[in-house]
Amino acid sequence: MAETVFAPWDDPNEKPLIRFQNVTKRFGEFVAIDDLTLDIFEKEFFALLGPSGCGKTTMMRMLAGFETVSEGSIELAGQDIAAVPPNKRAVNMMFQSYALFPHLSVYENIAFGLRRGNMPKHDLDARVTEMLKLTRLEKFARRKPHQISGGQRQRVALARSLAKAPKLLLLDEPLGALDAKLRQATQFELMDIQEKTGTTFVIVTHDQEEAMTVASRVAVMDEGRVMQVATPERIYEAPESVYVADFIGDVNIVAGQSTPMGEGRYHISWAEGQQPLVAASDRPFSDGQSCHLAVRPEKIAISAERPADVDNAVQGTVLDIAYLGNLSTYYVELPGGQIIKSQTANTRRISRRSFTWEDTVWVSWTATAGVLLAQ
Amino acid sequence: MQRFALIAIPYAWLLALFLIPFVIVFKISLSDIALAIPPYTPTLSDGVGPFFSALDFENFAFLASDDLYWKAYVSSLRIAAISTILTLLVGYPIAYAMARAPEEWRPTLMMLVILPFWTSFLIRVYAWMGILSQEGFLNQFLLWTGLIDAPLTILNTTTAVYIGIVYTYVPFMILPIFAALDRLDGSLIEAAEDLGCSRLQAFWLVTIPLSKNGIIAGSFLVFIPALGEFVIPSLLGGSGTLMIGKVLWEEFFNNRDWPVASAVAVILLLILIIPIVLFQRNQQRQAEEEA
């Protein structure tokens, strides 16, 4: 059965739910958001990812209505929302601190938003019960927030922000306060709930794994600008800049000059007295242009003998080994001082490891393993 | 043993400075007036048997028979209650503004609230006489602006007592409310607005309930001393203001009737025990909530 791929961003006829148009936000002299243009589509699970201070929280607060836009406009379902106060927006937010009302029970916290509209008592009760069920909190309805665990509080916050069935749900570091195990479980729960309710989610996070796991698309931000917006696979496999390649996951970056060899293949001279590296690229590079070759460590093989039939093979010595249990990362120093990380799965017991410190080894990768980046 | 010694200190303090004086006052309230030093009988020099047989509740019966006393109690309760509400209305906005002020201003604002305590309480009440009298600053100012043609009579009325009590006790209202508001997480207000509250609704539904403990603490801190207040009504209230503190003073010093004065004091204390117990329970519950 052919499955339709959810990719409204590739369809030119699709209308975005949210449209940032040349949005700039200044706090005094400081530019938090710098001329940012971005579309987010209905039913998307969109992640804003970046280091702290990159402007991701400011973007979220502008969507919620707690910050005004200095320049440009934000449209929600085709309507400019600059003049709409937070309490009139069909947008709800789940706060990083959860911001549960300590004086109200779990039930009343979830009912809080519904009580503001003139919902009949019967409908209200049904809706709150539905939310309690969705987040598996039925047993805790009468408890106060300080009487439940952190994970349960997180679910109350989620239920409360979903109760009004917003067009858009904003999640500010929703899993930041949970421990690693619970966080993983909750990530899948979030995706599940997002799918069930069909709500558009925008999540702010600094945890790249979290963004990669939950999101349909990820925007990598830095200093108020969006560096790249793409699906998690594309962000990882086809980063558009060294910044994105470096921010997401582990990567080897080799700087050099390109020489076109035709058919999208390039030679990269990267060190004195070394064979040029071979890389394939869809993006054109001119002769002598400075470029960076980014190769993920798991795409680099390590061997004692020079392997036959590979595009790139370089000899070096093992400088360090990072043993991570399931994986090992070998830090191989090349003659020029460049360090290449090669990651292999530990399919054998550690005592049978093939290489150890100071061993001379070959690292190799294919022409298509890496991405050639201009900057 | 060491722990026992430590808690013995506050208990010894309470025993020496609260319980023993209270027992003495209670004993005097059961005595009869006498033209002697001390001005009551019996004393222990009469012997233990006659001493106990001479004690009776005569003075309490007298308080019940003369309506001056219960009117004074009721009037004190009313004045204390109204002053507490007025103090809350003045103090809450000040505390709210302080809690919302920029971080670097707060110590200064706090200082300004506490600053009046650096001057003697009596001098400050006398200063109000200068402000509120017929020829006082307030009347002169109002005449100068043309708002009034003839000076207002404020001094020696109940209004002056309210002004005095609100002025004196407003710091006791501000500080606990400020403490409650200062702890309030700003994202709760944002969450309320996000869920559809207007600013005013968010204030009613989140800010007020979460500062409730501060409001209760502040109200008791004003109500309890205001009920027995003597200086403010006697200096600012004139003869028209009936408050139990004044009656007590007059019984002691004008009539030199120590037994009746003591009975008045005992009843006042019994009335005060109710709000004090409520206050203690509020404080205790608050401490438990924070734990």
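Modeller: Let's start with a strand pair: β7(A) and β8(A) pair in the parallel sense over five bridges. Helices (H or I, at least four residues) and strands (E, at least two) are DSSP runs, numbered from the N terminus, and two strands pair if DSSP finds at least two bridges between them. This is a predicted model, where local features need pLDDT of at least 70, side-chain atom pairs count only at pLDDT 80 or more, and totals for chains, interfaces and linings use all residues. Residues are numbered from 1 along each chain as its sequence is written, while chains are lettered from A and ligands numbered from 1 in the order in which they are written.

Colleague: Which residue stands opposite Leu171(A) in β8(A)?

Modeller: β7(A) and β8(A) run parallel here, joined by five bridges. Within β8(A), the residue opposite Leu171(A) is Ile203(A).

Colleague: How many residues of β8(A) are buried?

Modeller: Buried means that 20 or more other C-beta atoms, placed from the backbone, lie within 10 Å of a residue's own. Thr200(A), Val202(A) and Val204(A) point one way, Phe201(A), Ile203(A) and Thr205(A) the other, and all are buried. So by that definition, the buried count for β8(A), residues 200-205, is six of six.

Colleague: What is the bridge partner of Phe46(A) in β8(A)?

Modeller: Strand β3 (residues 45-49) of chain A runs parallel to β8(A), with five bridges joining them. Phe46(A) has as its partner in β8(A) Val202(A).

Colleague: Which strands are the edges of the open sheet?

Modeller: The sheet has six strands with mixed pairing, in the order β6-β7-β8-β3-β9-β10 of chain A. An edge strand pairs on one side only, and that applies to β6 and β10 (225-230) of chain A.

Colleague: What angle does the direction of helix α4 of chain A make with that of β6(A)?

Modeller: β6(A) pairs with β7 (residues 168-172) of chain A in the parallel sense over four bridges. Helix α4 (residues 150-162) packs on the sheet and touches both strands, contact meaning C-beta atoms, placed from the backbone, within 7 Å. Axes are lines fitted to C-alpha atoms, for helices over the stretch in contact, with angles from 0 to 180 degrees between N-to-C directions. For α4 and β6 of chain A, the angle is about 175°.

Notes: Two residues are in contact if their C-beta atoms, placed from the backbone, lie within 7 Å. A residue is buried if 20 or more other C-beta atoms lie within 10 Å of its own, exposed if 12 or fewer, and partly exposed in between; C-beta atoms are placed from the backbone.
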